[in-house]
Every structure is written in C-alpha cells, then in structure tokens.
Number of protein chains: 2
Amino acid sequence: MKYVIIFFILLSYHANAQTPARYNHVTNDVQLIHSQILNQDRYVYIHVPKIDSNQVNKPLDVLYLLDGENHFHIVSAYVEYLRHWGVIPPVIVVGILSADRVKDLTPTNSLIDFDGNVDSRYKTSGGNEQFLNFVKQELMTYVEGRYKTSRFKIFAGHSFGGLTVINCMLNHPEMFDAYVAVSPSLWFDNKYVLRLAEQKLAAAAITGKKLFYSVGNEDGTFRNDVLEFNKLFRHRSLRDFEHMYKDYPFESHMTEPIPAYYDALRFVYKTWAPETTK
Amino acid sequence: MKYVIIFFILLSYHANAQTPARYNHVTNDVQLIHSQILNQDRYVYIHVPKIDSNQVNKPLDVLYLLDGENHFHIVSAYVEYLRHWGVIPPVIVVGILSADRVKDLTPTNSLIDFDGNVDSRYKTSGGNEQFLNFVKQELMTYVEGRYKTSRFKIFAGHSFGGLTVINCMLNHPEMFDAYVAVSPSLWFDNKYVLRLAEQKLAAAAITGKKLFYSVGNEDGTFRNDVLEFNKLFRHRSLRDFEHMYKDYPFESHMTEPIPAYYDALRFVYKTWAPETTK
C-alpha cells in the first residue's frame, strides 16, 4: 500500500510542471452517423483514452454504452481515471444517444406496461433486432474504421438498455465479449427475454463470455425477474462463462447505474494486469 | 418505483427532439487565478450546473475539491447526473489543481515519511494554513464574485487532501458547512491532526456541520489512525453534528475515491428534497 501512496504524492507533485488540462479529458466528441438500417441519423459520444507514447500502436478495447445521454459522462470519467491509475487498460467508450428508446431497446411489440395496462406509448416497441443490426453492421464498422481497436468489446445498458444487452447476448453472443445489464427490464412483454434466457442458457451455447447484472430498490415484480434470471446461473454449469450479480438495495432505479457501472468495470477487468515494461 | 421508470422512459423518448449535447456537460472551464497569499498562479477547474430557466436566479451551493486534476471529472459528473435526476440540488464544483501538494496539504513541517524514515521529498511540508488562507480570502472571493452562490459550502479531499479537510474543520470550522475526507493521511507528523482532533472535538465547539470520512484497504497504521479518529465521535456527544464513517475494504487508496465521493454526496444531501413547484 505504502508504495501507492508515495507514488501518488510524487506524481501529483511533479504534475506541477505540466499543463493543467492534461488530465481533464474533454475528448468527448459528438459524432453523427447516418444509419441506412434505421433510416436515420444517430448521434454518438466518443471518448478516446489518452495513450502513453510507447503504447500508441496498441489496439484498444471498446465499450458500447446505451443511453449515452444519461451515462456516458460518468462511465467515461471512470474509464479514464481507472486507466490513469493502471486498474484497467485504455478503453474507447462509445455512448449511443437515444432516439426512440422504446423502439430500439425492446425485443418485441407489446403495448402492455409495467402495471399490466395497455399503454399507447409502447406502440413503437419491438425494434431491438434492427437496432442491434445497426450496432453490428454500421456502428462497429464506423468505430473500427476510425480507431485501432482490439477484439475485446463490451456492451452496457440500463433498464430497457439492460434488457437489450441480455437479449443481444442470447441471440448474438458473438457480438460482444462482456455484457453489462444494470436493472434490466425483464418484465417487458410477459418476461419475454427471461423466458428466452431459460431456453438459450439451458443449451449452454454461450461460452467465453462475461456478464454483470444487477438490481436496485425496484419493487417486487421488477426485482423478482432479475432474481429469476440469476437462478439460471446457479442451476446450470455454463463452461467458461463468468458472471457477477450485484444487489443495490439502497439505490433507486436511476442512482443504481453510478455504483453499478463502476463495479461492472472492475468485474470485467478483474484479471487484467498492466504489462511490465522491460 | 414504477413512476420513476415511466418518467425515465418518456423523458428519454422526448430527448430525441432536443440537441444531443444538452446533457454532455463540457462546462469544465480551466481558470487561472493569481494568488498573492501563495505568490503563485493557481489553476482551478470549474463546473457550473445546468439550471432550469425558472431557477436561474437561485443561489448555488459550492463544492471545493482538492486534487482537482485527479477527481474533478468524476465528481462533477456525479453532481450533474444527480442534479438532473433530482437527487441533489445544483452544485458548482471548484476543482483546485495541485501545485506542491506536500506543501499545501500538510499542517506542519515534518520530514518523516509513512515508514518513519527521513525523506527529503517532504521538505516543503507545512503550508496548510497559508493554503487555507488562499482558499478563504482569494479563491472563495473569486468564485463568489463570479457566480451566484448560496451560503452552503462543501470541502472535499483525499489522502493529504483528506488531512487538509479535517485540519480545516478543526481550526476554521466556519469556512465550510460540510467536510469530506477520503482516506485522510492522519499518520502525518506523528498523528498531529489526530491529536488536534482529540483536543478540539472534546471542546465540542464545532456544531452544525456535516462530516464524511472513510478508509480503503490501506494497511495497519494508516487504517488504525482513521479508526482512532472515528472513536472520537462514538464517545463524545457533539450536538448538531452529523457524521458518517465508511469502510471500503475492497478499494485501494486510489480507487476508493470513486465510491467514496458518491457516498459522500448522498450523505451531505441526505435530507435535501426538491422544492415542489406550485
């Protein structure tokens, strides 16, 4: 421990001689991408980490984050801080801004809301497959064409975004290496994705992946669906599949992402260690 | 709970019509202040929250944050997100960038390091009183002259910064309303500030304040000093003094600030509730 403290004291001391802005990553580009698949323009926030000059040619992992307008800023701040202190590698963060999130982030068309009532605000639901096609064929191509990326990709989302992450893992496990689902809305359409998980995870076709999922203080039904999902991992022996479930009883649906995205990053890079330079 | 989720769905849905950058607070100004007291130029990062038009004349609380180059980005992201979701009020964040942090953030001149050895890198130590004068007479004047500020002020720091926060609370309790000390280096100079706390807190002259303090996985001596500090609150009856102690056994000295600053913000604004508009 003492070495860390001494390193910290000296590092900050010597920072005096450097430009003060060096550590204030405002590299939060807003970029506009035209999607033929969605037939619309989509905005993304992109955070590109600072790289030491001796690592400039190293390919970078990419974290694709849903609801970018909500969570990009905190997640990119985590990623930059943790990279700076050698806890995780440099990671590009792509925050996808929402357009019609009911459409993009739900797997099926269902007008039934959380309370079981018909709600016309869900009329566009069911566009998840098309949205994932956009991510795979257009967004990933865009990002990988502009930055030197590694093979390791993370997909992270909250609420309907968490539902999307799990739906993607079940239907297109090859798309990402790590999946982060913060309070996934598994209740949607009579637990459609939860039932899908029961089928797909039984087949144990999903290997070599990491999955983080969590729940906050949401009430009965919402919470129970996540607990049911969690049971699937207790009873099956998924080979080479790492998962972490975390419960945040003191966090609301909207504050939970703050600790959960941090814990998820630590989970995904649990075994990562910086290369020793020789 | 369901109301929060529905509100979230609709809010994000309607966000489509707005400019995408509205939620990406890049209002992280770097400002240069000349200090006559310190006889040097000092950089600060300033985050000014977005304000609803009907609240534009409302005075804002200010959070003064030490080691700005390290923690400003995460803390300002927390503050903006929590404000947006109505968990805390809008808060201005002033991140003070370090110059000679050994000098500014230690109360006395001592060359003895954490292991008890003489270390010349501590030769400038002991400038805390002068630094606090700068904060009070120059920095606060600067901030309060440029922004419409409320009376409520928070002082937050980590490591030597945490030591500074506690030293400030003991010697100048009138300067701030809430104090946040993440892993304070109470070991410094034969536990000088810990001994000061024993004297000052016994006098119970410090009332109407809030104090958050914490420790991570630092080893024996470092940790024990924080535990000793914590005991002072168990045995004394400080009136109108709210304090919270938190232990992060799975966080290192450098990762602890991530959860600790979040928990500290929640603690400071625990009883805050948004005004209902009529």
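How do α6(B) and α7(B) run relative to each other?

To find out, select residues 188-203 of chain B, helix α6, and residues 220-235 of chain B, helix α7. This is a predicted model, in which local features need pLDDT of at least 70, side-chain atom pairs count only at pLDDT 80 or more, and totals for chains, interfaces and linings use all residues. Residues are numbered from 1 along each chain as its sequence is written, chains are lettered from A and ligands numbered from 1 in the order in which they are written, and side-chain values use heavy atoms, with hydrogens and water left out.

**Stop 1: α6 and α7 of chain B**

The two axes come within 10 Å and cross at roughly 5 degrees. α6(B) and α7(B) are therefore roughly parallel to each other (angles under 35 degrees count as such). Axes are lines fitted to C-alpha atoms, for helices over the stretch in contact, and angles run from 0 to 180 degrees between N-to-C directions. Helices are DSSP runs of H or I with at least four residues, and strands are runs of E with at least two, numbered from the N terminus.

Now show the side chains.

**Stop 2**

Ala, Val, Leu, Ile, Met, Phe, Trp, Tyr, Cys and Pro count as nonpolar, Asp, Glu, Lys and Arg as charged, and the others, Gly among them, as polar.

**Stop 3: α2 and α8 of chain A**

Go to chain A and select residues 68-84, helix α2, together with α8(A); their axes come within 10 Å and cross at roughly 40 degrees. A:H71 and A:I74 of α2(A) are among the contact residues, as are A:Y261 and A:Y262 of α8(A). By class, this contact has 10 nonpolar, 1 polar and 1 charged residues.

**Stop 4: β8 and α8 of both chains**

Select 241-247 (β8) and 257-268 (α8) in chains A and B: each of these elements supplies at least two residues to the lining of the largest pocket. α8(B) gives the most, with 7 residues.

Methods. Angles under 35 degrees count as roughly parallel, over 145 as roughly antiparallel, 65 to 115 as roughly perpendicular and the rest as oblique. Contact means heavy atoms within 4.5 Å.
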